[in-house]
Amino acid sequence: NRTRIYSAAEVRVRGIREEDLDAALDIMNRVGDEIAGDAEFGEYVMEAPQVKFLGDPDDLGWSATMRGKVMAAQRWVIGTEIRRRLNREFLRAGIELNKRGVAPRVSRGDRPAPAYVPEPGEGDE
């Protein structure tokens with residue numbers, strides 16, 4: 001069973017704004033390379049996590065999924081560390097992700113930004 005040896009560390013980032021897309025993708029790939037070369041985590045990485053899939057934009061913006069091959073027992077640890085580093089680097093770069101329940105900072109087109117973006121199914125009775 002190969003999953004006993006290696007697994008995929010996968011991190012999905014949602015709500016990337018159009019104007020931040022290229023910078024966010026660059027940061028994601030750089031963080032994946034840093035994890036692979038890190039003294040603490042690198043020994044568990046068989047393939048550096050990189051952006052493998054860019055999803056269609058939705059009401060929050062773009063979504064990007066990064067994936068890399070890691071030792072199975074360490075996939076959650078590495079995924080957590082990737083998220084921690086992405087958060088730090090996005091903050092440093094001034095990239096703010098759109099989230100449900102929080103109005104996007106930037107309006108789209110000639111329409112103003114909505115005051116509230118409800119969760120799917122919220123308010124359905």
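Two strands pair if DSSP finds at least two bridges between them. Strands (E, at least two residues) and helices (H or I, at least four) are DSSP runs, numbered from the N terminus. Valine 51 stands opposite methionine 66 in E3.

This is a predicted model, in which local features need pLDDT of at least 70 and side-chain atom pairs count only at pLDDT 80 or more, while totals for chains, interfaces and linings use all residues. Residues are numbered from 1 along each chain as its sequence is written, and side-chain values use heavy atoms, with hydrogens and water left out.

**Strands**

E2 and E3 run antiparallel, joined by six bridges. A hairpin of two residues links E2 to E3. Threonine 65 lies in E3. At 9% relative accessibility threonine 65 counts as buried (under 20% relative accessible area, 1.4 Å probe, protein chains only). Threonine 65 touches Glu10, Val11, Arg12, Gln50, Val51, Lys52 and Phe53, leaving aside residues up to four places away in sequence; contact means heavy atoms within 4.5 Å.

**Helices**

The axes of H1 and H2, lines fitted to C-alpha atoms over the stretch in contact, come within 10 Å and cross at roughly 135°. The crossing is right-handed. These residues make the contact:

| Helix | Contact residues |
|---|---|
| H1 | Ala24, Ile27, Met28, Arg30, Val31, Glu34, Ile35 |
| H2 | Ile78, Glu81, Ile82, Arg85, Leu86, Glu89, Phe90, Ala93 |

Methods
Axes are lines fitted to C-alpha atoms, for helices over the stretch in contact, and angles run from 0 to 180 degrees between N-to-C directions. A crossing is left-handed if the near helix is turned anticlockwise from the far one by less than a right angle, and right-handed if clockwise. Buried means under 20% relative accessible area, exposed over 50%, partly exposed in between (1.4 Å probe, protein chains only).
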